[in-house]
Amino acid sequence: MKLGTIRITLVAASLLATALLSAAEPIKPKGTPPQPNFNRLHSLDEIVGLMKGYASAYPEWVELESIGKSIEGRDIWLLTVTNPRTGAPDTKPAMYVDGNTHANEVQGTEATLYTLNFLLNNYGKLDRITELLDRATFYLVPVVNPDGRTLWFKGPATPHFPRTVMFPIDDDRDGLFDEDGYDDMNGDGLITQMRKKVGMGQGTHRLHPKDPRILVPVEKDELGDYIMLGWEGFDNDGDGLVNEDLVGYVDPNRTWGYNWQPRYVQSGSSFYPLQIPETRSIATWALTKPNLAGVQSFHNYGQMILRGPGSKAEPPYPAADLKAYDYIAKEGERMLPGYRYLISWKDLYTVYGGTTDHFYRVHGAISYTNELYQPPVDIDKDGKVTPEEEMMFNDLVTLGRQFVPWTKVNHPQYGEIEVGGTRYDVGRVPEAWLLEEDMHRNAAFVLLHAHHLPKIAFGDPTVERVEGNLWKVIVPVINERAIPTMTAVARQDKLHRPDIATVEGAKVISSGIVTNVWLDKIDLQKHRPERLTVEGVPGLGATNLFFLVEGRGTIGVKYDSPKGGVISRKVELR
C-alpha cells in the first residue's frame, strides 16, 4: 500500500472520529458533583470525601476502590475513569497517575484530582477530552501515602518533614523507635527554627545589618555572635542529641521492586523490596493491568520533568523508547514554563527502587515524575534569589504570612534561645493563589501524555490472488500516537505478551511481518501462522501484517494489543 493511501485513510478516519466526538453529550451527574477549590490544599479526610463524591455523582464513569491499607490502616484509594459505553476499562490503553508519595509533597494530590475533575467536566465539550475518555482508561491514586499526609497537616511538620511513611525505624540505634522528634517550643502550633545568641566570635552567623530577622553566615574576616540550632525540639531521650530519631525514615520512593538497594547503599530504603504496604499494594494491583502504557507520578519540588534511569549503573534507554520520551517531554517543557526535562541520576540524584524505573522496567510503560513548583523569583533581579529578596516577597506579596517572628524561649539544653523563621508550608508548597495554575498546567501535561497512548487503526489492505482460492493479504496497522504498542524494553525483556493478529473466515497457510513493502520482503513466522505474534507497532508509524490464506468471500482480521486495545475489520478476497 502506498504512503498516500495511508494518509487518505487516516484523514477519513479523523473526519469520522471528529463527527462522532461532536455528537457526544456532556456527562450528566447523578446528584450534585463535588465542587473542589483548587486554590487551596485539602486534608486527607477532604480528599477522601471528594473521591467518594465523584464516584457517587458519576457511578458509570468513575469507580472507587481500596487497593490496600497503609501502615496505620488507612485505605489506599484508586479511581478508575473511562467512558463505559466504549468498552471495559481493562480493554483500553491506560494511564496511571499518582501523587503524595512523599508525605510533605502534598500538592501532587491536588494535581491528580484536578486531572480527574477536568476530564469529567469537559467530556462532550472539548474534543480532546472526549476522545481520551472514549478510547483510554485513567487509573488515579491521589494519595500514595495517606498516613504521611495526615501527619503533615496536623504536625509536627517542616518543609522537609515528614517525607516518610509511618514505618518505625531506630535511626540512632539506641533500641528505641522514633522517640526524639520535633517539639513545639513556643506553643504556636508550628515547627520553626531555633537560633541562639552567643559571645562575639563564638558564632557562625551574625544579624543582617538591615533586617534582624535574617541571619547571615560570617565571612573569614568577620566575627559572629549567633548560631543556628536547627528545627524546634529538645533532647527527648537524654542521649545528648536533639531531633536525631524522627518518625520513620522509610522513603516510599526507595521501596519499589525494580533495582531496589538496601539501607547501607541508600538512605530511606526499606529492608527488602516492596516491604511497605503503600507501594506493595500499588505494585500488586498494577500486575493485573497489562494495559498500563503511561505513568505519571507527582512530587515536589524544582519544576522538573524527570525520567529514568534512576542510577548510572542502569543501561541507557533504547533509542526507540527515547523517541517517545523525548517527544512528549519536550512538548511538556513548552507547556510548563520554567520546567526542565531531566534524567534522574544524571541531573538530580541517584534513586534506587523508584516509581519511574519500576513502571518502565517491569511494565514497559513510558513513565515520568514531575517535580512541582519552584519558589517565586519575580522580585529577583539577577537570577540568584537571596534571603533579602525572599523576605521582601513575604512582606510585600504575602503580607507577612510566610514568616513567624522570632520569640525568646527557655530550652532545656540550650538555655535562652529564639524560635521563629519560615513556616512549614513555604518553599515546597505554593501560596494558595499560585496553586491552581500549576495544577492545570501539570494536568495538561498528563493529558498530553495520555493523548500519546497507543492509538491503532487498520490501513487499507492489499489483496492479491496467488491461484485459485489462495490469496496474499497485507494489512497495515497504524499507530497514530507517539507511544508504541510495545516498548523496546518490553520486547527486550519480554515484560508482557506481544500483540497478536488473527484471521477468521479462511485457513491461514502462512503469516509474517512485511519488512519491505516495495521489495516484497517478509519475515515469516515459523509456527502457528494462524496466530501471528507482533512485537508492537511503533509510535507514529505502521506495521504491515502478511497472511497467505485459503478461502473465499470475506475474512475478518483482528489485532489484539495489551497496551493498544483491540481492533478488527473485514477484508474482501477479490
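**Strands, helices and burial**

Reply: Take β18 (residues 499-504) and β23 (residues 553-561): five bridges join these strands, and they run antiparallel. Two strands pair if DSSP finds at least two bridges between them. Strands (E, at least two residues) and helices (H or I, at least four) are DSSP runs, numbered from the N terminus. This is a predicted model: local features need pLDDT of at least 70, side-chain atom pairs count only at pLDDT 80 or more, and totals for chains, interfaces and linings use all residues. Residues are numbered from 1 along each chain as its sequence is written, and side-chain values use heavy atoms, with hydrogens and water left out.

Me: Which residue of β23 is the bridge partner of Glu504?

Reply: Gly556.

Me: In what order do the strands of the sheet lie?

Reply: The order is β21-β18-β23-β24, an open sheet of four strands with antiparallel pairing. β21 (531-534) and β24 (565-573) are the edge strands, each pairing on one side only. On average, neighbours in this sheet are turned by 20° against each other, direction ignored. Axes are lines fitted to C-alpha atoms, for helices over the stretch in contact; angles run from 0 to 180 degrees between N-to-C directions.

Me: How do I read a helix pair?

Reply: Use the angle between the two axes and the distance between them. Here, α4 (residues 127-135) packs against α11 (residues 432-451) at about 55°, with the axes 11 Å apart. That makes α4 oblique to α11. Angles under 35 degrees count as roughly parallel, over 145 as roughly antiparallel, 65 to 115 as roughly perpendicular, and the rest as oblique.

Me: Which residues make the contact?

Reply: Contact means heavy atoms within 4.5 Å. α4 supplies Arg128, Ile129, Glu131, Leu132 and Arg135; α11 supplies Leu447, Leu448, Ala450 and His451.

Me: Where is burial seen in a helix?

Reply: Look at α6 (residues 277-286). Eight of its ten residues are buried, so α6 is largely enclosed by the rest of the structure. Buried means under 20% relative accessible area, exposed over 50%, partly exposed in between (1.4 Å probe, protein chains only). Among the buried ones are Pro277, Ile282 and Trp285.

Me: Is Ser344 buried or exposed?

Reply: Buried, with a relative accessible area of 8%. Ser344 lies in helix α8 (residues 344-348). Leaving aside neighbours within four places in sequence, its contacts are Leu306, Arg307, Gly308, Pro309, Gly310 and Tyr349.

Me: And the whole chain?

Reply: The protein chain has twelve helices and 24 strands. Of its 574 residues, 56% count as buried.
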